[in-house]
Amino acid sequence: MSLTLYLCALLIGVIAGLRAMTAPTAISWAAYLGWLPFAGTKLSFLGATVTPFLLTLAAIGELITDQLPGTPSRKVPVQFGARIVTGSLSGCAIGVAGGNWLAGAAAGAIGAVIGTLGGAEARTRMAQAFGHDRPAALIEDAVAIGGALAIVLVLKSV
């Protein structure tokens, strides 16, 4: 597995730490478009016709619920665990494409921890600076979506 793929696996994990469903959604679209080769692997479901559309709906739902005042912190065990799982799955997918699923999964999980804790801290500081959470949340959404897009475009060219 190349250094570029390790870095992409780590960074897709960071994206999962910011928005849990954005990372697997981006990976699923990359598989669906043929940018990541999963045919014949246990991850082939990510490139199935319906998967990217269902994950897109879940990602949109997450973007909406993140704006609600009753949404729990990303650092509570269930939320944190979900980010580690989606980061690990997404990193694993990149690892499969590079021939080392375990290294990809580990990098994705590490990235998810970094993204969860770093994202929470960054959002808190931005919200304090803005005097309101919504602008900080929208910036975080843009970083997560833009970052995921950049990662899959790099994967397309590797």
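**Aromatic pairs**

I took rings of Phe, Tyr and Trp (its six-membered ring) as paired if their centres lie within 6.5 Å, with planes under 30 degrees apart called stacked, over 60 edge-to-face and the rest tilted. The model is a predicted one, so I kept local features to pLDDT of at least 70 and side-chain atom pairs to pLDDT 80 or more, while totals for chains, interfaces and linings use all residues. Residues are numbered from 1 along each chain as its sequence is written, and side-chain values use heavy atoms, with hydrogens and water left out.

I found three aromatic pairs in the structure. One of them is Trp29 with Phe53, edge-to-face, at 4.9 Å centre to centre and 75° between the planes. Trp29 sits in helix α2 and Phe53 in helix α3, 24 residues apart, and the pair links these distant parts of the chain. For element names I used DSSP runs numbered from the N terminus: helices are H or I of at least four residues, and strands are E of at least two.

I then looked up accessibility, where buried means under 20% relative accessible area, exposed over 50% and partly exposed in between (1.4 Å probe, protein chains only). Trp29 is partly exposed at 26%, and Phe53 is partly exposed at 42%. Tyr32 also pairs edge-to-face with Phe53, at 5.9 Å centre to centre and 80° between the planes. This pair again links distant parts of the chain, Tyr32 in helix α2 and Phe53 in helix α3, 21 residues apart. Tyr32 has 33% relative accessibility and counts as partly exposed. I noted Trp29, Tyr32 and Phe53 as one aromatic cluster.

**Second largest pocket**

I needed the pocket terms here. On a 1 Å grid over the protein atoms alone, a cavity is a set of points where a 1.4 Å probe fits but cannot get out, and a pocket is an open set with protein on both sides within 12 Å along at least five of seven lines; lining residues have an atom within 4 Å of a point. Grid points are joined across faces, edges and corners, and a volume is the space filled by probe spheres set on the points.

The second largest pocket holds about 290 Å³ of space. I counted 15 lining residues, with Thr22, Thr25, Ala26, Trp29 and Ile145 closest to the centre. Two or more lining residues come from each of α2 (22–32), α3 and α6. The largest share, five residues, is from α2.

I sorted the lining by class: Ala, Val, Leu, Ile, Met, Phe, Trp, Tyr, Cys and Pro as nonpolar, Asp, Glu, Lys and Arg as charged, and the others, Gly among them, as polar.

**Largest pocket**

I read a volume of about 480 Å³ for the largest pocket. Its lining has 23 residues, and those nearest the centre are Asp66, Thr71, Pro72, Ser73 and Arg123. At least two lining residues come from each of α3 (51–65), α4 (77–98), α5 (101–130) and α6 (133–157). α4 gives the most, with four residues. By class I have seven nonpolar, seven polar and nine charged residues.

**Salt bridges**

I used the cut-off of a side-chain nitrogen of Lys or Arg within 4 Å of a carboxyl oxygen of Asp or Glu. The structure holds nine salt bridges.

Glu140 bridges to Arg74, with the closest N and O atoms 2.5 Å apart. Glu140 is in helix α6 and Arg74 in the loop between α3 and α4, so this bridge ties together parts 66 residues apart in sequence. I have Glu140 as buried at 4% relative accessibility and Arg74 as buried at 9%.

Asp133 and Arg123 also meet in a salt bridge, 2.5 Å from N to O. That bridge links distant parts of the chain, Asp133 in helix α6 and Arg123 in helix α5, ten residues apart. Asp133 is partly exposed at 33%, whereas Arg123 is buried at 9%.

Arg123 meets Glu140 as well, at 3.3 Å from N to O. Here Arg123 in helix α5 and Glu140 in helix α6 are 17 residues apart, and I again noted a link between distant parts of the chain. Through shared partners, salt bridges join Arg19, Asp66, Arg74, Arg123, Asp133, Glu140 and Asp141 into one network.
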